[in-house]
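Please look at the sequence and the structure together while I go through a few of their features.

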Amino acid sequence: MPAVGDLGPDFALYNQDQHMVQLGRLTADADHVVVYFFPQAGAPGCVREAIGFRDVMPELLKRRVRVVGITSSPGAEITAFAKEQGLNFDRSEERREGKEC
């Protein structure tokens with residue numbers, strides 16, 4: 001089990017705009033990166049978690065913190081969820097090479 005502050009394994013996933021998000025690049029552009037996983041876009045607990053990040057995003061950006069949310073929900077659901085909640089950070093569908101992780 002990794003400890004807080006340990007570097008995670010590098011990954012590359014497409015975000016909501018179909019741009020590649022790679023952990024190695026995020027860590028080069030920010031002092032800290034929060035990668036969080038949510039099981040289903042739009043589920044009540046997932047909404048609370050996502051809007052929690054949304055609401056503190058200005059402060060996180062001042063502190064050079066990037067946030068990436070990863071889910072197994074399909075891309076269209078992620079997009080609708082983000083629009084409904086006004087999310088202001090990257091969201092990625094958990095797929096690699098066309099397969100769900």
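This is a predicted model: local features need pLDDT of at least 70, side-chain atom pairs count only at pLDDT 80 or more; totals for chains, interfaces and linings use all residues.

E59 is partly exposed, because its relative accessibility is 37%; the word buried is kept for residues under 20% relative accessible area, exposed for those over 50%, and partly exposed for those in between, using a 1.4 Å probe and protein chains only. E59 forms a salt bridge with R63, and their closest N and O atoms are 2.7 Å apart. A salt bridge here is a side-chain nitrogen of Lys or Arg within 4 Å of a carboxyl oxygen of Asp or Glu. R63 itself is exposed, with a relative accessible area of 56%.

Residues are numbered from 1 along each chain as its sequence is written, and side-chain values use heavy atoms, with hydrogens and water left out.

How many salt bridges does a search of the whole structure find? The search finds four. In one of them, the side chains of D31 and R64 meet at 3.2 Å, N to O. D31 lies in the loop between helix 1 (23-29) and strand 3, and R64 in the loop between helix 2 and strand 4, so this pair ties together parts that are 33 residues apart in sequence. Helices (H or I, at least four residues) and strands (E, at least two) are DSSP runs, numbered from the N terminus. R64 is partly exposed, at 40% relative accessibility.

Another salt bridge joins the side chains of D90 and R66, at 3.0 Å from N to O. This pair links distant parts of the chain, with D90 in strand 5 (residues 90-93) and R66 in strand 4, 24 residues apart. Is D90 buried or exposed? D90 is buried, because its relative accessible area is 12%, whereas R66 is partly exposed, at 28%.

Three strands form an open sheet in the order 3-4-5, with parallel pairing; two strands pair if DSSP finds at least two bridges between them. Strand 3 and strand 5 each have a single partner strand, so one side of each is left without a neighbour in the sheet. Strand 4 and strand 5 are paired over four bridges, and in strand 5 the bridge partner of T71 is E93.

T71 belongs to strand 4 (residues 65-71) and is buried, with a relative accessible area of 1%. Leaving aside residues up to four places away in sequence, T71 touches F38, P39, Q40, A41, I78, S92, E93 and E94, where contact means heavy atoms within 4.5 Å.

The largest nonpolar core has 16 residues, and Y36, V67, F81 and F89 have the most contacts inside it. Such a core is a set of buried Ala, Val, Leu, Ile, Met, Phe, Trp, Tyr and Cys residues joined through side-chain atoms within 4.5 Å. Strand 3 (32-38), helix 2 (44-62), strand 4 and helix 3 (75-85) are the elements that give two or more residues to this core. Which element gives the most? Helix 2 does, with six residues. A second, separate core has seven residues, including F11, L13, V21 and L23.
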